[in-house]
Amino acid sequence: MNVFKEKVKTNLRHASTIPALEATDITMRFKVNGISKTVLDRISFAAYRDEFTCIVGESGCGKTTLLNILAGFLPPSAGEVTVMGTAVHRPGPDRCVVFQEDTLFPWLTVRENIAFGLKGVSRESKRHIKEEVDRFLALVGLTDYQNYLPREISSGMKQRVELARVLILEPHIILMDEPFASLDYRTRREMQNLLVSLWQKLPQTILFVTHDVDEAIVLGDKIEIMDINPGRIHEELHIPLERPRNISQNEFGLYRDKLHSFLCD
Ligand SMILES: Nc1ncnc2c1ncn2[C@@H]1O[C@H](COP(=O)(O)OP(=O)(O)O)[C@@H](O)[C@H]1O
Ligand SMILES: [Mg+2]
C-alpha cells in the first residue's frame, strides 16, 4: 500500500508535538590553517510534520553546512539532530536531499532516473513501480519526455526529474539546498509554483534553503532567518499568506521588508 495516497492534508499540522526534524544547539567549527572558525553557532529550530520551512541567509552564512549536518553527511562539532524524537548521526531513508547541481544519471532516461531509487527500496511489484513512475511523471509534467536523456532536456526539466525522483521515495523529510538557484527567473518561478502544488497534493516535511528572500516568502509556512559570521538563527518568521502567493501583493511586500530588515540588522 502506498502511504502517499493515504495522506490527507488536514489542519492538524501541529497536532503532534514531536517535531519531524529538530536541530538543537548545532555548532560547527572548521579548522583552516590551524585556526578554528565557528561557522554555525548553536542553531536550534524545529520542523513539524508536513510543514514547509525555509532557511534564508546570505551566501557563506552556513546554510549548506547546516543542511549537510541535518542530512547526516557531516557530524556537527556540538549539538544534536533528531528525527521524530530520535537522534540521528548518519544519512537515512527518512531524509532525502535535492541539490542545486544536476545529479541525474546521464546515461539513464528521464523515466529510468525517476524509477532508479524505487527499485532499490520497494518490495512492490513491477506493475506497481510502473504505475508510480507514470504518476510522478504526470505530476511533474514530463510524461511526454520520459524517454529523453538528461542532456536532451532543459535545466528546468532536469530539476523536475530531481523532484520526482525524491518525491517517489516518500521520505519523511525532504532537504533542499537552493535547488532552483541556477535557473532563469521565469523557470525558477514555475518551479516554485510546481513545488508548492506538489507539496499541497502530497504533504511532506520540507526544509528549503535559499538566499532569495522572495523565494522563501513564496514557499514557506515559516522562515528561519540566519545571521552570518557566525551563522545563527536571528529570527523565526511565520508566513500565514494564502497560496499560491503573489510577489506583487501588498502583504507580500510587508514580509519582504520585514525579512530584509532582519537580514540587515
Ligand atoms: N569543509 C570546510 N572547511 C572549512 N571551511 C568550510 C568548509 N565548509 C564550509 N566552510 C566555510 O563555512 C562557511 C559557510 O559555508 P556554506 O555552508 O557553504 O555557506 P552557504 O551555503 O550559506 O553559502 C563559508 O565561510 C565556508 O568557506
Ligand atoms: Mg550553499
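Modeller: What follows takes the domain interface, then the ligand site, then some details of the backbone and of charge pairing.

The structure is a predicted model. Its chain is divided into two parts: domain 1 is made of residues 17-94 and 174-265, and domain 2 covers 103-170. Taken over C-alpha atoms, the centres of domain 1 and domain 2 are 26 Å apart.

At the interface, 13 residues of domain 1 touch twelve residues of domain 2. The two domains bury about 1100 Å² between them, and carbon and sulfur atoms account for 78% of that area. On the domain 1 side, Met191, Leu198 and Leu202 together give 37% of the area buried against domain 2, which is more than any other three residues give.

Polar pairing across this interface can be listed briefly. The search finds zero salt bridges between domain 1 and domain 2, and one residue pair in polar contact, with both residues at pLDDT 80 or more. The side of domain 1 that touches domain 2 draws at least two residues from each of strand 7 (173-177) and helix 6 (185-201). Helix 6 makes the largest contribution to that side, with seven residues. Sorted by class, the domain 1 side holds nine nonpolar residues, two polar ones and two charged ones.

Next comes the ligand site. The residues around ligand 1 are Phe30, Val32, Lys37, Val39, Glu58, Ser59, Gly60, Cys61, Gly62, Lys63, Thr64 and Thr65. Polar atoms of three of these residues can be given with distances. The side chain of Lys37 places an N or O atom 3.1 Å from an oxygen atom of ligand 1. From the backbone, a polar atom of Gly60 lies 2.7 Å from an oxygen atom of the ligand, and a backbone N or O atom of Gly62 lies 3.1 Å from an oxygen atom of ligand 1.

Now the charge pairing. Side chains of opposite charge can pair when their charged atoms come close. The interface between domain 1 and domain 2 has zero salt bridges, whereas the whole structure has 16. One of the salt bridges joins the side chains of Arg232 and Asp41, with an N to O distance of 2.5 Å. This pair connects distant parts of the chain, 191 residues apart: Arg232 belongs to strand 10 (residues 232-238) and Asp41 to strand 2 (residues 35-47).

Most residues other than glycine have a negative phi, and most peptide bonds are trans. The bond from Asn229 to Pro230 is cis, with omega near -5°; Pro230 sits in the loop between strand 9 (222-227) and strand 10. Another cis peptide bond joins Arg243 and Pro244, with omega about -5°. Pro244 is in the loop that runs between strand 10 and helix 8 (250-264). Asn33, a residue other than glycine, has a positive phi, near 50°, and lies in the loop between strand 1 (21-32) and strand 2.

Conventions:
Residues are numbered from 1 along each chain as its sequence is written. Chains are lettered from A and ligands numbered from 1 in the order in which they are written. This is a predicted model: local features need pLDDT of at least 70, side-chain atom pairs count only at pLDDT 80 or more; totals for chains, interfaces and linings use all residues. Side-chain values use heavy atoms; hydrogens and water are left out. Domain bounds come from an automatic or database domain assignment. Contact means heavy atoms within 4.5 Å. Buried area is the accessible area (1.4 Å probe) that two parts lose on being put together, summed over both. A salt bridge is a side-chain nitrogen of Lys or Arg within 4 Å of a carboxyl oxygen of Asp or Glu. A polar contact is a pair of N or O atoms within 3.5 Å; within protein, one must be able to donate a hydrogen and the other to accept it, and residues adjacent in sequence count only if both atoms are side-chain atoms. Helices (H or I, at least four residues) and strands (E, at least two) are DSSP runs, numbered from the N terminus. Ala, Val, Leu, Ile, Met, Phe, Trp, Tyr, Cys and Pro count as nonpolar, Asp, Glu, Lys and Arg as charged, and the others, Gly among them, as polar. A residue is near a molecule or strand if one of its heavy atoms lies within 4 Å of it.
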